[in-house]
Amino acid sequence: MTTLKKTIFLILMFCLTSCAVRHNVDYKKILPRQSFVKLEKELITRSCNEGSCMERNFSAVASGVIIQNRPEGSYVLTAAHVCDERETKKEIEADPKSDLKIAFYVVTLDLKRKPVRIVKFDNRHDVCLVWVDNLFEPQVTISPKSPEPGDLVLNIAAPLGVFSKNMVPIFQGFYNGTNEQDMGVYSLPAFGGSSGSPIFNQKGELIGMVHSVIRHFNNVALSPSYQAMREFINGSLEEDMSNRYFRSLLRPFLNI
């Protein structure tokens, strides 16, 4: 075999091998499963009338992902409608004989259950940030660029609360672009419990978050746009960390 033929042969083999490596991605090593959390909310209403009291319990599940670790705990991203309790509180407060207790938790893949504090939510883009003390699972990496239509994507979610120790469903789909409301549109299955679930690119980087699904066709999921999600995360983190810093300075004087 001549030197030229050998060179061409080696180039072709390199190209074929490179393509094979790129397409046979080991998602077990790439997907940040440990960063996923399930969210659980319990609402307990108690109403009394003429000495007789009735208590009702409601529960809901959702999904979330750790986006930043701090020495005291972690910030978790989820959907705004999971966090927003104003309408529920308004209905209860309208009845002076009723009261409401709300318990809000995250559950990790090793089933550790920890209470959350709501930091901020944005109903327009349906995105929410919560804080969890003593939560030290790995944080995700946010992609430095937005997805492009046709990109293959991956989603980790707990639809209908399907979740157990070291088990959480993983889905695969495609990014389709944004709609008229500036929402990211993904070919991904979603159902109740998928709200707040992270969407990743093939590098395992965060590019979106499921907040809703097309009614009567639950194989098209909607997300805040990449830009809106990133701006919300950055702005909310900066604001809350600044508030935490000033609270720490004032704590000795205010006994808080």
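This is a predicted model: local features need pLDDT of at least 70, side-chain atom pairs count only at pLDDT 80 or more; totals for chains, interfaces and linings use all residues.
Me: Are E40 and K38 buried or exposed?
Reply: Here's the scale: buried is under 20% relative accessible area, exposed is over 50%, and partly exposed is in between (1.4 Å probe, protein chains only). E40 has 18% relative accessibility, so E40 is buried. K38 has 9%, so K38 is also on the list as buried.

Me: How many residues apart in sequence are the parts that E42 and R113 tie together?
Reply: The side chains of E42 and R113 meet in a salt bridge at 2.8 Å, N to O. To place them, helices (H or I, at least four residues) and strands (E, at least two) are DSSP runs, numbered from the N terminus. E42 is in strand 1 (residues 36-49) and R113 is in strand 5 (residues 113-115), so the pair ties together parts separated in sequence by 71 residues.

Me: Which residues are linked with K38 in a network of salt bridges?
Reply: The count for the structure comes to seven salt bridges. One of them pairs E40 with K38, and another pairs E42 with R113. The residues networked with K38 are E40, E42 and R113.

Me: Which strand holds K120, the partner linked with E239 in helix 5?
Reply: E239 and K120 form a salt bridge through their side chains, 3.1 Å from N to O. E239 is partly exposed, with a relative accessible area of 40%, and K120 is partly exposed at 34%. They sit 119 residues apart, with E239 in helix 5 (residues 226-254) and K120 in strand 6.

Me: Is the disulfide of C83 and C128 left-handed or right-handed?
Reply: A disulfide here is a pair of cysteine sulfur atoms within 2.5 Å, and a search of the whole structure finds one. C83 and C128 form it, with their sulfur atoms 2.1 Å apart, linking helix 3 (residues 80-83) to strand 7 across 45 residues. Both cysteines are buried. The torsion about their S-S bond is about -100°, so this disulfide is left-handed.

Me: Which residue's backbone oxygen lies 2.7 Å from a polar atom of the S63 side chain?
Reply: S63 is in strand 2 (residues 52-70), and at 0% relative accessibility S63 is buried. A polar contact is a pair of N or O atoms within 3.5 Å; within protein, one must be able to donate a hydrogen and the other to accept it, and residues adjacent in sequence count only if both atoms are side-chain atoms. A polar atom of the S63 side chain lies 3.1 Å from the backbone nitrogen of A158. The backbone oxygen at 2.7 Å belongs to G193.

Me: Which residue takes a positive phi in the hairpin of strand 1 and strand 2?
Reply: Two strands pair if DSSP finds at least two bridges between them. Strand 1 and strand 2 run antiparallel, joined by 14 bridges, and L43 stands opposite F58 in strand 2. Their hairpin has two residues between the strands, and the positive phi, near 55°, belongs to E50.

Me: Which residue in strand 10 is the bridge partner of Y175?
Reply: Strand 9 (residues 170-178) runs antiparallel to strand 10 (residues 183-186), and three bridges join them. Both belong to an open sheet of seven strands in the order 12-11-8-9-10-14-13. In strand 10, the partner of Y175 is Y186.

Note on methods
Residues are numbered from 1 along each chain as its sequence is written. Side-chain values use heavy atoms; hydrogens and water are left out. A salt bridge is a side-chain nitrogen of Lys or Arg within 4 Å of a carboxyl oxygen of Asp or Glu.
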